[in-house]
Every structure is written in C-alpha cells, then in structure tokens.
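Here is a short briefing on the model shown below. It takes the sheets, the helix packing, the DNA surfaces and the backbone in turn.

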2 protein chains.
Amino acid sequence: MLSRRAWGREVTRKTIHDVARVAGVAIKTVSRVLNDEPNVREETRARVLAAVESLSYYPSLSARSLAGRRSYLIGLVYENPSANYVVDVQHGAMARCRQEKFRLFVHQCSGRDEELIRDVMGLVDQTHVDGLIVCPPLSQSPELVKALDRRKLPFVRISPNDLEYKSAAVDMDDEGAAREMTEHLIELGHTRIGFICGHPTHYASGQRLRGYKSALKDHRLIFDAAYVKQGHFVFESGMNAGRELLTSPKPPTAIFASNDDMAAGVLMAAHELGIAVPTALSVAGFDDTYIARIVWPRLTTIHQPSYDLAWSATDLLLMSLKNGTAMKATRLPHKLVLRESTGPVPSAGPVPSAGPVPSAGPAPSASL
Amino acid sequence: MLSRRAWGREVTRKTIHDVARVAGVAIKTVSRVLNDEPNVREETRARVLAAVESLSYYPSLSARSLAGRRSYLIGLVYENPSANYVVDVQHGAMARCRQEKFRLFVHQCSGRDEELIRDVMGLVDQTHVDGLIVCPPLSQSPELVKALDRRKLPFVRISPNDLEYKSAAVDMDDEGAAREMTEHLIELGHTRIGFICGHPTHYASGQRLRGYKSALKDHRLIFDAAYVKQGHFVFESGMNAGRELLTSPKPPTAIFASNDDMAAGVLMAAHELGIAVPTALSVAGFDDTYIARIVWPRLTTIHQPSYDLAWSATDLLLMSLKNGTAMKATRLPHKLVLRESTGPVPSAGPVPSAGPVPSAGPAPSASL
DNA sequence: CGACCAATTGACAACGTTGTCAATTGCGTG
DNA sequence: CACGCAATTGACAACGTTGTCAATTGGTCG
C-alpha cells in the first residue's frame, strides 16, 4: 500500500493487494468477488466484502480497463446546444449507469464530418468506453454509424432516422405526436394553423412537419405553404418566424412550433404585437422542456421523454454488454400536455392590438 | 498490434508499439514526444509525429494513468439542479480542458454529508482524476474540503463561501452585484422593493440579501422584513413568494428575485394577477441564464459569468498541475444587464387588474 | 586524436487489475 | 479407504503506458 514514489502530494492508494491481505486470500479471489464470478465459497466472499468495506476500497477503472475487456465506462456524445435536453439526457443515462456500477463519460462533440468522426474515435480510443450513447442529430449521421460499426463498438442511438437499421435505437413517434397536436388545434376550431419547422438537418424536423401535414389532410384542410416557416430550433428563429406569420395579410389563428424554444419565441412576438394568447392566438410547442412551464402563458406542448429515452438507451446498451445479446429498437410513448397557450379559435381572427401593448392587460390566473 | 484475445467484437487497437515500429524508434521515445519531454532530436520528433498521424494513434488514458502520475482527467462535481447553470459550467470546463488535451469527467453527486463524501471519493479513487472542480453548493461543504485536503487532491471551488481559505477558488461579487441591482431599482424611483431569497443553504443567497440590505441603507430607505420572502432558487418558490408580496396590503412596486428562475415565477404571478410589467411592477432577476431572454418581458438581471467561472477554475487547476505552483483565488466581474422588466416607479403604485382578463380566458385543461 | 560531457535513445520494471491455467481442496462413490 | 471429479483457490503473465537508469551518440576541448 505504500506508494513507490516519494512525491509531495502523493497519497497511498488502496489496491486489490491490500484487500487480499486483509481478507487473507489471493488477489484473484478478490477480483472474483468484485466481478460476481462464480466459484467462490460464501464464507470467502463475505470475508472479502468485509475487507473491501473496511478499507473503503474502490477498484481502479484504469487498471480494469487495461487488463480486462471492460472499462465500466459508457460514453455519451452529443452536439445539441439545448441545455434542458442535454441535461435530461445526461441524467437519464447517469441514473441507469449508476445502477450497474458503470460510469458515464459525457462528451460534447466538436467538428463536422471527417473531424467529428476523429473526435468520437479519439474519445473511444482514449477512454476505452465499452459503448456509446449517441444523441441526435449525431445519431443521424451515416458516416458515424459506419465508423462505429467498423470499430465494432456497441452503441445505441437516440432518435435516429432509420429505426429499421440493424443497430439499436430508442425514439418516439415524432410524426404521430405532431399529428396529435395539430388535431388538437383543429378540434379547437382552428383552420389557419401556422407551423415552424425545426433545424433542417434534424430528422425530427421533417417528421414533425409530416405529422402536421397529415393531420391537415385527414381533416380536409388545405395545406398552405405560406403558413410554414423555417426555424432552427432556437428561440430567435421562432420569434422571427412568429413575427412573419403574425404580420402577414391573413395571419394564422394558431401557431405550432417544432419545439418549445421556438414556441417561446412566438409568444414573444405575439406579446410585442399586442396579440393576446390564447384568446386571439393559440401557440403550441414540442418537447415539454422546463421553459414550457415558465413562460406565460404556459405552453401546450408534446412531452418528449428525454430522460426516459436516455435511460432506455443506456439500459439497452448495458444489458447487451452484460448478456452479449443483440439489441432491439424501442419506441417510447409521448404525451399531449395541455396548458394555457391554446384555446378556441377567436370569432374574428387575431385581434391586432390597439396600440403599444397594454402590457399584460390581463389574465387572472387563467387556470391553476 | 494483434489482439491477444480472439474475441468476437474485439478489434485491434493501435498502441505505442505500433507507432514506435513505424517510426523506427523505441516506445520510450514515442512517449517522450507525446509528453513534450525535452531531449528529442527535432528530426526524430517529426518522424514520430508523422507515425502518430498516419496511424490515427491516441494514447490510452487507462495505461497513462496507471503508469504515470497523470490521468489527464479532471472531475467536475455538482449537485445543482439548474440545467442552464450546469451546462454553462460543463462547457466552460470542457473548453479549457480541451485546450490542454485533458478530458472532463462530469459527475452529478448523490447523497448528503457522509454519503456525499464517499460518493466523491469513490469517483476520485476509481477514475484517478488529477483534480476536481467543485460547484456550489458542494463548494461550501467544509467536510468535503477537508476530505479532499486529506486526500491531497488538487481542487478548485466555484463560488465558495470563504475565499480566504488556502484552497483555490473562483467567484463573483454576489453582494456587490445585488447592491447594484437594488440601486438600479432605487434610481428608478422605487422605495418599496420586495426581495426573494435563494435557497438557505447556498452561501450566495446570504450575500445577495446582504447587497440588497446595504443598498437600502446607503440610500436611507427603511428595511422592512415584510418585503423579504424565502425562496429556493426554483420557479415555483418565486411564483409563490411573488403572489404573497403582490397580494399583501401594501405591495412593493419592484421585486428583486435572487435568481432568474424565481424572477420568472414572479412574472407569472404578476401576469396571473393582471399586474403589468414593467408599468405597474418592476421585476429583476439574477444570473442571466437563458430564461432571462425568453420570458416576457425579458428580465433585467445580473450577468453571472458561469461559463467563465468554470473556464477560469479549470485554468487555475490545469496551470497548477502543470507548473506545480500554488493556486490563487480569482474574482470575476459581473454585469448589470438592463432589459424590459424594470422601469420607473408608477405614480400610484401597482395597478390591480380591473377584472377578469380579456385575454387569457381560461385555458383548456387547466394545469395539466 | 583521445577523453569527457551533454544530448539522445533505449531496455526494462512498475502501475493495479483480469485472463489463463495449474494446484489444491472437498465430497461422493466404488 | 482410495479415487475421481467438481469446486475452489492461487500463481503469473499481460494490458499499454511512464519512470528509472543505463547505453549510445556526437561534439568540444586540451
């Protein structure tokens, strides 16, 4: 237990040898106990565990990954700038890892294409992670998938664009969810429904637009391209698109944004223009992140189970690592969350403010 | 380069031996080049680097930390539930790590007291991190600081409560910032200023309250405890405190919340009560997180440089690791950010709404 | 021209664990 | 009571790197 180096800040580190000595067994036996291997007498196992406990011993991940075929490390790679989504995903994955005594290595990727691949491969090679959780939109990169396959590294993708591909993945039904939301608006009587698309490179963007279109079609409403604006999943893009829609000659009575950030942007635009929500305009979001509950009025949105998606992805990965079994694709349920930002269609279309906003003229606790 | 194990999913991994062979040198020389050690002829160095490049070789962190006294890993421990803060801090630390070819191991702590210490020590022992970045409120735990000192592990604390303590830390002037904000409100003519405290166990909470009090005193305004409410840094607590303040007999004309989440809660309360912001009520936040820019009206707040704090903390740690020098405490500047949620004091105090709001008619499916 | 010293390079052990395989123990059976 | 086989345990190499220290190279000076 004495360190071989006499260095200032060096402190003795407990090793498997210390445990073996205290328990009066060989290090290999300690290793067996710690790895739940069979063929250890119950009494021996107890002695070893007692020694581990009394020494507060924690096996070195470095040594383990160097000697064994396991690093007990899972990598989580993302690129997404949305703080709330990222944290949800991180915590979902961490929670599952903790249950299996794995640790999560979080990595924000940098670069694009070629460089991205190098970045991820560098992570894999350096840290020896046993597997990877890949967040969107990285999960939609065929090049990355190919590279990981070549590398023979187990990985699970969150919300990829091709569930049928042989690799494992978890996702939700973006198209169906968007259809439900659109139907909700239609049922409220809206016929002029604006839609703000997400970032063009995100697969989910296309799916959500498709759901919107399909709901319109089912209800025999005509699709008008003028009601569809391009956004980029960020607040400002939603605000700009909202302004455009609301100041057009025949403005929509409802706007469905592809995520909550952009919906918040639409709310901002409406407030600026003095358009009351939901009386004169209904606004709907997507994702049900934290901001959906703090903006005013609170957003009707689709609950995307980010935490659960990450939890399930990690579960899939860990189980396949443990059993060597193949992984399957999993689809998680979403939920339409009704709050105060949507309401019945106004009788006469949106009411332009009679002047600079009456600031919040209004709204004694709509609901609650 | 051939793996010793013939295992299904095993793939040959490039090692230092491969690089040495390609470059025609001993592995130790490769090691020297990769660690920027002196005494390598320029021509040799170039040959080695070329080999590294051509093989896409990445040294194994496991082997490095096992053999050397460096793991090239920095741990980041937090407990904070605020997504925006956490992500800012993570990215600030990651950015600095990347520059030095270090990696960041993010860890959300679990447990309290005894259990917390075990959790952190487990991380340290297992991962061999070279140092730790400790976020508030963990940075204020004397037990944790003591344990890390005993373990002789270099660490930097973000926003601790005792800058003079010998360990390194970075922080901002919470008291001064709160004083500035309060003065801003006073200059706008407000004399009845509500204050919502942060979580009682966070040191910053006390500092911000102190700044508020000191500004009142400097301007000869009387401090009235009825205008101070306890919050917990979360949205709901701000909303509740806001309701209490605004429905009191003599409501304040301005409310200063100790963070943006709670300020957003106050806005929600004001909207519900039909109180116009900033015409009838000014609202100020603290932190300048993402939400300060997306609520309506956008929040006047104090910019807390979370990203920079983490960047600097990491910088301090890495530099001390590299040079073996002692670390100093660093204080980063904050900034008063003026937006639309604060304005001149109304002539006749807050204007209660004249009745059920014209706009937010009750929403469908009230709260969820 | 030879010796000496600094610069450069390499051989090999060590880090703390797991994989392999051999040795030992324990128990049921003939 | 000895034998055989399975269960249990241990000895030792290997993982991929860095630390230590010795060997080699190259240049300078007397």
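Two strands count as paired if DSSP finds at least two bridges between them. Helices (H or I, at least four residues) and strands (E, at least two) are DSSP runs, numbered from the N terminus. This is a predicted model: local features need pLDDT of at least 70, side-chain atom pairs count only at pLDDT 80 or more, and totals for chains, interfaces and linings use all residues. Residues are numbered from 1 along each chain as its sequence is written, while chains are lettered from A and ligands numbered from 1 in the order in which they are written.

**Sheet in chain A**

- Four strands of chain A make an open sheet in the order S7-S6-S8-S9, with parallel pairing.
- Strand S7 (228–229) and strand S9 (282–284) of chain A are at the edges with a single partner strand each, so one side of each has no neighbour in the sheet.
- Helix H8 (residues 174–187) of chain A packs on this sheet and touches S6, S8 and S9 of chain A. Contact between two residues requires C-beta atoms, placed from the backbone, within 7 Å.
- The direction of H8 makes about 170° with that of S8(A). Axes are lines fitted to C-alpha atoms, for helices over the stretch in contact, and angles run from 0 to 180 degrees between N-to-C directions.
- Strand S6 (residues 193–196) and strand S8 (residues 254–257) of chain A pair in the parallel sense over four bridges. A:Ile193 has A:Ala254 as its bridge partner in S8(A).

**Sheet in chain B**

- Six strands of chain B form an open sheet in the order S2-S1-S3-S4-S5-S11, and the pairing is parallel.
- Strand S2 (103–108) and strand S11 (330–332) of chain B are the edge strands, each pairing on one side only.
- Neighbouring strands of this sheet are turned by 20° against each other on average, direction ignored.
- Strand S3 (residues 131–134) and strand S4 (residues 155–158) of chain B pair in the parallel sense over three bridges. B:Leu132 has B:Phe155 as its bridge partner in S4(B).

**Helix packing in chain B**

- H2(B) and helix H3 (residues 42–55) of chain B pack at about 90°, with axes 10 Å apart.
- H2(B) gives B:Thr29, B:Val30 and B:Val33 to the contact, and H3(B) gives B:Thr44, B:Arg45, B:Val48 and B:Leu49.

**DNA surfaces**

- Of the 28 residues around DNA strand C, the nearest are A:Ile16, A:Ser31, A:Ala63, A:Ala67 and A:Gly68. A residue is near a strand if its C-beta atom, placed from the backbone, lies within 6 Å of it.
- DNA strand D is surrounded by 28 residues, the closest being B:Ile16, B:Ser31, B:Ala63, B:Ala67 and B:Gly68.
- H2 and H4 of chain A and H2 and H4 of chain B each supply at least two residues of the surface near DNA strand D.

**Backbone**

- Most residues other than glycine have a negative phi, and most peptide bonds are trans.
- A:Pro136 and A:Pro137 are joined by a cis peptide bond, with omega about 5°. A:Pro137 lies in the loop between strand S3 (131–134) and helix H7 (142–150) of chain A.
- The peptide bond from B:Trp296 to B:Pro297 is cis, with omega near -5°.
- B:Tyr72 has a positive phi, near 60°. B:Tyr72 sits in the loop between H4 and strand S1 (73–78) of chain B.
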